[in-house]
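Here is a short briefing for a first look at this structure. Please read it with the model open.

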Amino acid sequence: MSLKRLIVALGGSEYMESAVAEACQIARRNDAEIVGVAVMDETLVDPAESAPIGGGAAAMELRKERTAAVEAGMNEAIATFTRTVEEAGIPHRTERFFGDAQEALSDALRLADLAIIGIRHAFDYGTIAHADDFLGRVARASGRPILAMTTPARPIDRVVVAYDGSTASADALRAFGVLNGFSPSMIRIVHCREDGVDSDRLLEEAATYLRLHGHETETLALDGSPSDAVLDHAEAWNADLVVMGAVGRRGLSRLFLGDTASKTLGRSRIPLLIRS
């Protein structure tokens with residue numbers, strides 16, 4: 001299945017540069033357009049915090065400073081995006097949003113095939129960072145696949161697919177299998193052993209699906225908590241991408257929630273393709 005519209009989050013960080021570079025590669029392969037999205041997130045510019053008595057003027061000044069910083073960051077990010085995609089000769093446009101970044105990005109994704117976002121600092125422009133579960137919340141709200149990019153951008157050749165039999169992990173597997181986004185030479189499907197769960201059966205059903213779509217795979221059962229074991233294995237195997245559901249059956253169901261999300265997204269040096 002071809003990808004015809006990609007969303008790229010223009011957050012102004014080094015992760016954005018990786019996201020734009022990867023978007024150009026995918027767009028070129030699919031003859032797709034890229035929509036660059038910049039958001040002034042009011043929850044970061046004016047966070048819900050009460051000013052001390054007599055501190056209203058100082059709070060207003062801080063808000064003005066943050067607004068100016070975000071506007072400058074948005075303009076710079078849009079300029080960088082425009083220059084890069086024009087040099088690549090790829091159809092593109094930009095959209096600016098004002099409001100809650102999660103809602104804005106989910107709305108932009110309604111008629112898009114894939115979002116490519118920096119794994120951290122999605123839209124903060126050097127102000128207050130989003131919570132580490134931001135991407136997981138966007139994935140669940142939009143129902144679209146999200147590629148969370150690390151830096152620097154690199155060819156995606158070795159892919160780890162985490163599969164636990166849940167609907168979300170199946171959706172992530174299917175998105176990877178059918179979307180013409182990557183051309184890996186090695187795909188390894190992994191499952192973390194659970195009491196009462198037939199790991200071999202789950203691994204085989206996932207491998208069978210990917211083989212139907214022309215992908216050669218190998219499988220491996222892991223021990224330990226999914227939030228640790230999957231990334232540890234991916235790093236040891238020198239994977240270029242990890243595919244997983246944003247919610248799931250056991251450990252993976254918490255991978256993008258709360259403390260586990262902070263741990264996972266905070267330490268990952270590997271791009272993640274997630275789907276809810």
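Predicted model: local features only at pLDDT ≥ 70, side-chain atom pairs only at ≥ 80, totals over all residues.

Residues are numbered from 1 along each chain as its sequence is written, and side-chain values use heavy atoms, with hydrogens and water left out.

**Confidence**

- The protein chain has an average pLDDT of 87; pLDDT is the predictor's confidence in each residue, from 0 to 100.
- A score of at least 70 is reached by 89% of the residues.
- Residues 256–262 have a pLDDT below 50.
- Beyond near neighbours in sequence, that stretch has 21 contacts in the model (a contact means heavy atoms within 4.5 Å).

**Helix α4**

- Helix α4 spans residues 101–108. Helices (H or I, at least four residues) and strands (E, at least two) are DSSP runs, numbered from the N terminus.
- Its buried residues are Ala 101, Ala 104, Leu 105, Ser 106 and Ala 108. Buried means under 20% relative accessible area, exposed means over 50%, and partly exposed lies in between (1.4 Å probe, protein chains only).
- The cover over these buried residues includes the strands β1 (5–9), β2 (33–41), β3 (92–99) and β4 (114–118), along with helix α5 (134–142).
- At the start of α4, a side-chain oxygen of Asp 100 comes within 3.0 Å of the backbone nitrogen of Gln 102.

**Helix α7**

- Helix α7 (residues 199–212) has 14 residues. From first C-alpha to last it reaches 20 Å, close to the 20 Å expected at 1.5 Å a residue (the expected span is 1.5 Å times one less than the number of residues).
- Ser 199, Leu 202, Leu 203, Ala 206, Ala 207 and Leu 210 are buried in α7.
- An α-helix has 3.6 residues a turn, so residues three or four places apart point the same way.
- Asp 200 and Leu 212 are exposed, on the face of α7 turned away from its buried side.
- The buried residues of α7 are covered by elements including α6 (167–178), β7 (186–192) and β8 (218–222).
- At the start of α7, a side-chain oxygen of Asp 198 reaches to within 3.2 Å of the backbone nitrogen of Asp 200.
- Gly 214 follows α7 and has a positive phi, near 85°.

**Salt bridges**

- The count comes to 11 salt bridges. A salt bridge is a side-chain nitrogen of Lys or Arg within 4 Å of a carboxyl oxygen of Asp or Glu.
- Glu 95 and Arg 93 form one of them, at 2.6 Å from N to O. Glu 95 is partly exposed at 26% relative accessible area, and Arg 93 is partly exposed at 32%.
- Asp 107 pairs with Arg 110, with the closest N and O atoms 2.8 Å apart. Asp 107 is partly exposed at 37%, whereas Arg 110 is exposed at 52%.
- Asp 223 pairs with Arg 193, with the closest N and O atoms 2.9 Å apart. This pair links distant parts of the chain, 30 residues apart: Asp 223 sits in the loop between β8 and α8 (226–236), and Arg 193 in the loop between β7 and α7.
- Salt bridges that share partners join Arg 5, Glu 33, Arg 93 and Glu 95 into one network.

Definitions and conventions
Polar contact = N/O pair within 3.5 Å; in protein donor to acceptor, adjacent residues only side chain to side chain.
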